[in-house]
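Hi,

Here is the structure I promised to pass on. Have a look at it first, and my notes follow below.

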Amino acid sequence: MHFSLPHLIYSGDPVDDEDTLALLPLEVQEALRDRNGCLAYRGAIHIRGASISPGWHSLRHAMVGALAFHELYPGVTPGDVPIAEDLFGDQFILRDGAVLRLEAETGSLDPLADSLEAFLQRVMENLPDLLGYDPLQALTHAWGQLEPGKLLIAYPPFVLDTGTDTRSIRPIDALEARQYLAEFARQLRDIPDGGQLNIRVVE
């Protein structure tokens, strides 16, 4: 298995986080030693690496600490590996060999592929089908491609029915986006039927 995806705009530096690497399945360790994560398809898909920094690319940062996904979302466990994300911050979680999709706006977890290799095959064969949207069309709003360390944020969020398809989409810092989406999901989870949701616009 290799993380050799097309249209790279970022490739991680060689592994410098052996402790995190040791927690991963052997085939993932081997793939990361070959290419320590990447941003592919002009930023539409991000594979994290066993790196101390930068934080947005670091598996350690996604698995340990205040911004670890298991701290932000109740459905994620400390043993889960947030191996990848799409350009809107939805996460691809490796759990017991299978890949689950974490919808960042709601916190819902859904089975996606039986293995990481099957997930990568779907990425290569039909990325729009995997993501559920055309990433190149979405990236048009980000001036052609995402800078490393950025994600796209939609306002109003996709999960809200606003009665119109009109949304603003813009790139922001990936770690800011992680916090914003997790807080939105928390508010959405706690809101009672008929209640109101306060949306903080990220500047």
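Which residue in the turn of the hairpin formed by S4 and S5 has a positive phi? Keep in mind while you look that this is a predicted model. The residue is glycine 89, with a phi of about 90°, and the hairpin has 4 residues between its two strands.

Going through some of the pairings:

- S2 (residues 38-40) and S3 (residues 45-47) run antiparallel and are joined by 3 bridges. Cysteine 38 has isoleucine 47 in S3 as its bridge partner.
- S4 and S5 are antiparallel too, with 4 bridges joining them. Here alanine 84 has phenylalanine 92 of S5 as its bridge partner.
- S5 and S6 pair over 5 bridges, again in the antiparallel sense. For isoleucine 93, the bridge partner in S6 is leucine 100.

S5 and S6 also form a hairpin, this one with 2 residues between the strands. In its turn, aspartate 96 has a positive phi of about 50°. As for S5 itself, the strand is mostly covered, with 4 of its 5 residues buried.

Then there is the largest pocket, which has a volume of about 490 Å³. How many residues line the largest pocket, and which of them lie nearest its centre? The lining is made up of 22 residues, and Phe88, Tyr133, Ala154, Phe158 and Ile169 are the ones nearest the centre. By class, the lining has 11 nonpolar, 8 charged and 3 polar residues. Helix H7 (135-139) and strand S8 (150-155) each supply at least two residues of this lining. The largest share comes from S8, with 3 residues.

Tell me what you make of it.

Cheers

Technical notes
Residues numbered from 1 in each chain as written. Predicted model: local features only at pLDDT ≥ 70, side-chain atom pairs only at ≥ 80, totals over all residues. Heavy atoms only, no water. 1 Å grid on protein atoms, 1.4 Å probe; cavity = no way out; pocket = protein on both sides within 12 Å on 5 of 7 lines; lining within 4 Å. Points joined across faces, edges and corners; volume = space filled by probe spheres on them. Nonpolar A, V, L, I, M, F, W, Y, C, P; charged D, E, K, R; others polar. Pairing = 2+ DSSP bridges. Buried < 20%, exposed > 50% of the residue type's maximum accessible area, 1.4 Å probe, protein only.
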